[in-house]
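Colleague: I have just opened this entry and would like a guided walk through it. Could we begin with the overall layout and then turn to details?

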Amino acid sequence: MDPLFTWIEATSLSTWLRESPSLWAFPFVLILHTVGLAFFVGVNVAWDVRVLGFSVGIPLDALRRYFLVMWAGFWINAVSGVLLLIAYPTKALTNPLFYAKLLLIGVGIVFAVRIRRQIQGPGSGTRDSGLESTTQGTNVPPLARVLAAASLACWIAVIFAGRLLAYTCTRLTVDSTC
Amino acid sequence: MYLRSTPQGEFLRTARWGWPIFESLHFIGMSMLLGTVGVFDLRLLGFARRIPIAALHRLIPIGISGFAINLITGFCFLSATPDQYLFNLAFRWKVTFIAIAGLNVMIFYARVFRRLLETPPDTPPPLAARMAGAVSLLAWIGVMSAGRLLTFFRP
């Protein structure tokens, strides 16, 4: 992998992100990654606690609009994450924890999508069928609750994995250690 | 300095995984805060109007818990290396943004909230509510940005 890392680290984008003293370089990308995380994970938290029975007065079908916010957060973090990866490819890709983080994010997204499907009910094509009863929180399928609890645990794990990346890396760039 | 000698400060400086674990908790608290208060702010701005304000407001205790986690972990960071924060421009910005958010919350509960509960769902929120939502969102984004900048403004 080293030739690939060498090549990426030599590109002008990577060099600029790493070495520019401007706050609009690395610091700004980090800010984007943090704000994106807050909205991406935050909306998942709101969904999960609602499905678990917290504040059942929130109509689930109306809460679904917040998926837009969740996906906005996701894309902010996908883009800023790729930029961070371009800045320090060796640092991330030589750390097994980085792959664990990506896997956990994938699992978390699968949970979020499956919870939404559970709430919609199997095969209900129209927006209204089955939703009147879930509005009062009495009809959340048990599987959705299990998924919501697993989802919360998953996002906690993602945050730990992400934060620990800075402390578990062995190589910073191709020719420097962490 | 007194703060440095406190047990929590000592713990964060010496325990191998103390600092990263507390940082992770700080990020979890942040997600709890933005996932509830941020979601509520968007509703104040008129997003997802079909959700009754009172029902969404019931999520706020989770946000307050998140803020409490962050106040505690944040105080521990400050105790561990006080001079890294007290003379740090980004830290001052962060505290200023938290103060703005706090002031905004007080004005919101004193002047806006009760009136807002009487407005039926599906109607556009009054201007004062939209203002409170916008100020809160911007203040918390400011808090997160300043927090992220701390390491770049280290004295």
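Predicted model: local features only at pLDDT ≥ 70, side-chain atom pairs only at ≥ 80, totals over all residues.

**A walk through the model**

Colleague: Which residues of helix 5 of chain A are the buried ones?

Modeller: They are Phe67(A), Val69(A), Met70(A), Gly73(A), Phe74(A), Asn77(A), Ser80(A), Leu84(A) and Ala87(A). Looking down the axis of helix 5 of chain A, one finds these buried residues within an arc of 160°, so they line one face of the helix.

Colleague: And what does the face turned away from the buried side carry?

Modeller: On that face of helix 5 of chain A are the exposed residues Leu68(A) and Trp75(A).

Colleague: How far apart are the end C-alpha atoms of helix 5 of chain A?

Modeller: They are 30 Å apart, which agrees with the 30 Å that 21 residues (67-87) should span at 1.5 Å a residue.

Colleague: Let us step back. How many helices and strands are there in chain A?

Modeller: Chain A has nine helices and two strands. Along the sequence the pattern reads α-α-α-α-α-α-α-α-α-β-β. Of the 178 residues in chain A, 47% are buried. Among contacts in chain A with a separation of 6 or more, 80% come from residues 24 or more positions apart.

Colleague: What about helix 3 of chain A: is it mostly covered or mostly exposed?

Modeller: Helix 3 of chain A is mostly covered, with 23 of its 26 residues buried. From its first C-alpha to its last, helix 3 of chain A reaches 37 Å, close to the 38 Å expected at 1.5 Å a residue. Just after helix 3 of chain A comes Gly53(A), with a positive phi of about 110°.

Colleague: I also noticed Ala148(A). Where is its place?

Modeller: Ala148(A) lies in helix 9 (residues 142-168) of chain A. Its relative accessible area is 0%, so Ala148(A) is buried. Leaving aside residues up to four places away in sequence, Ala148(A) touches Asp48(A), Val51(A), Leu52(A) and Ile115(A). The C-alpha atom of Ala148(A) is separated by 26 Å from that of Leu165(A), 17 residues apart along the chain.

Colleague: Changing topic, how many disulfides does the count come to over all chains?

Modeller: The count comes to one disulfide over all chains. A disulfide is a covalent bond between the sulfur atoms of two cysteines. Here the partners are Cys169(A) and Cys178(A), whose sulfur atoms are 2.0 Å apart. The link of Cys169(A) and Cys178(A) is left-handed, with -120° about the S-S bond.

Colleague: Why does Cys169(A) count as buried?

Modeller: Its relative accessibility is 13%, so Cys169(A) falls under the 20% cut-off for buried residues. Cys178(A), at 46%, counts as partly exposed.

Colleague: What of Cys154(A) and Cys76(B): buried or exposed?

Modeller: Cys154(A) is buried, with a relative accessible area of 6%. Cys76(B) is buried as well, with a relative accessible area of 8%.

Colleague: Now the interface. How many residues of chain B are in contact with chain A?

Modeller: In chain B, 34 residues are in contact with 34 residues of chain A. Between them the chains bury about 3300 Å², and 80% of that is on carbon and sulfur atoms. On the side of chain B, Phe47(B), Arg50(B) and Arg148(B) lose the most area to chain A, together 17% of what that side buries.

Colleague: How many salt bridges are there across the interface of chain B and chain A?

Modeller: Two salt bridges are found across that interface. In a salt bridge between Arg163(A) and Glu23(B), the closest N and O atoms are 2.6 Å apart.

How values were computed
Residues numbered from 1 in each chain as written. Chains lettered and ligands numbered in written order. Heavy atoms only, no water. Helix = DSSP H or I, 4+ residues; strand = E, 2+ residues; numbered from the N terminus. Expected span 1.5 Å × (residues − 1). Buried < 20%, exposed > 50% of the residue type's maximum accessible area, 1.4 Å probe, protein only. Arc of directions from axis to C-beta. Disulfide = S-S within 2.5 Å. Contact = heavy atoms within 4.5 Å. Buried area = accessible area lost by both parts, 1.4 Å probe. Salt bridge = Lys/Arg side-chain N within 4 Å of Asp/Glu carboxyl O.
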